[in-house]
Amino acid sequence: MSGIALLAFLILEAVGVIDNPYVGIIGLAFLPAVFVAGLIAMPVGIFFRRRKLLKSDVSLDEVSAFPRLDFNDAHVRRATAIVIGLTVVNAILLATSTATAVSFMDTPKFCGTVCHKVMQPEYTAYQNSPHSRVKCVQCHIGPGASFAVRSKFDGLRQVWKVLTGSYVRPIASPVHTLRPARDTCEGCHWPAKHYGDKLRLIGRFSEDEKNTASFTALLLKTGGGAANAGQSRGGIHWWHIDADNKIRYLATDARRQEIAWVELTTPGGKRTEFVRDPAQAPSPDRIQASARLMDCIDCHNRPTHLFETPAKEMDSVLQRQADLRALPFFKREVVKAASITYPTHEVGVAGVRTAITSYYATTHPELAAKQAALVARASEEGARVYDRTVFPEMNTDSKTHPNNIGHDDSPGCFRCHDGNMKNVASGKTIPNDCDTCHDILVDGSPTEPDLTKLTLLQPQPEAPK
């Protein structure tokens, strides 16, 4: 029965009829287990039946003898052919189901929806990220059979924690067992490549009646490059993660937000140490045991699972949908509604939606009547802001998962570049000037600048004589 059901399931799954992850678990884990148990039950049943007969008063002659494999007998040949044929069918069924199960467990849908409550924050952020078309396993496991096997055994521990409800809330970050970026991220990203400066436009909106806009345009000195490639060097990437330089650091907290010691080794082999408090400088033994070589994810720590603040999410909404800026106090009301403590995520989403609709219906009834469609869209956008940022059941939001890129809502770059990391011998500090990492082209503009014209404002290099 399980064999027939398994065969039917594999056919339905292959043609795309089955899309439910829980049905997948039943079909790819439960059915093969029952199928194998049925196969094992046959020889086990024969063994126990024979032993029971031998222990009874039945004589040995009355116990069924084992069949003689005489292939001159047509009956034996037919029986053997049937057993071999069924064994091949069994092997094909089990191999197919195993391969399908492994493939299914490598899908983002399995990772994000099977343990829905636990993984809801991470899966929601993943779906709204630049890596939403990259499989979870490509970053969390990477290539190689040893890491795949290790992850499956670790998955058993995670399953047990989910079944017993003993998992942490929120999910701990960073993942200390994550493979180095050189084994995963660098399969697509090339840190030694020189990228030059990147033009960034940042929109911020006040929580006043007009949702007053303020735009900043800057050149981010991404840089990169490598000496052995004959490329220009300098910029953020070259200093921090390229092979020409090496940075090690020592964090005093599990989240790596408090940095006590930094060591920079330049291409010539010169080592420079910086400490936050010379009186509490770490010992060589502690550095040897706990210092971490800086990796891509030490700055890009939320490349996929980013949880912005409601205010930052609202800035993104208002920058993309300029017509919503006409709604009085729109940003203020969404941020206020999203900051309320709700019992569950679903209740919070509905609560924010209702709060925005009610605010305009009671405070601005004429506007709500004349622009009902705009208000309805605004309430939905406000609900989506909460949907992407706050998850009460898992105690997850931007505060529990700070973003190390930039320095707006968490220390980020200022974990080291705050002006307090000093070299004891020379008195030099890790620089924290604004122009170290970016050049500000436009600051606080009330209108969105034309990015195509910004480069014309910059000094142009002289033509060669």
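Trainee: In this predicted model, which residues form a nonpolar patch on the surface, and what is their accessible area together?
Mentor: The patch consists of Leu7, Ile11, Leu12, Val15 and Val17. One of these, Ile11, is found in helix H1, residues 2–14. Together the five have an accessible area of about 460 Å².

Trainee: Which strands stand at the edges of the open sheet?
Mentor: Four strands form the sheet in the order E5-E4-E3-E6, with antiparallel pairing. Each edge strand has a single partner strand, so one side of each is left without a neighbour in the sheet. The edge strands are E5 (271–275) and E6 (292–293).

Trainee: Is Glu263 buried or exposed, and what is its relative accessible area?
Mentor: Strand E4 (residues 259–265) is joined to E5 by five bridges, and the bridge partner of Glu263 in E5 is Glu273. The side chain of Glu263 also meets that of Arg271 in a salt bridge, at 2.5 Å from N to O. Buried means under 20%. Glu263 is buried, at 2%.

Trainee: How many residues apart in sequence are Lys312 and Asp409?
Mentor: Their salt bridge has its closest N and O atoms 2.8 Å apart. Lys312 lies in helix H10 and Asp409 in the loop between H14 and E7, so the pair ties together parts of the chain separated by 97 residues.

Trainee: What is the relative accessible area of Asp408?
Mentor: Asp408 forms a salt bridge with Lys312, the closest N and O atoms being 3.7 Å apart. Lys312 is buried, at 15%. Asp408, in contrast, is exposed, with a relative accessible area of 53%.

How values were computed: Residues numbered from 1 in each chain as written. Predicted model: local features only at pLDDT ≥ 70, side-chain atom pairs only at ≥ 80, totals over all residues. Heavy atoms only, no water. Patch = residues over 30% accessible without salt bridge, like charges linked within 9 Å, V, L, I, M, F, W, Y side chains within 5 Å. Areas by Shrake-Rupley, 256 points an atom, 1.4 Å probe, with all protein chains shown as cover. Salt bridge = Lys/Arg side-chain N within 4 Å of Asp/Glu carboxyl O. Helix = DSSP H or I, 4+ residues; strand = E, 2+ residues; numbered from the N terminus. Pairing = 2+ DSSP bridges. Buried < 20%, exposed > 50% of the residue type's maximum accessible area, 1.4 Å probe, protein only.
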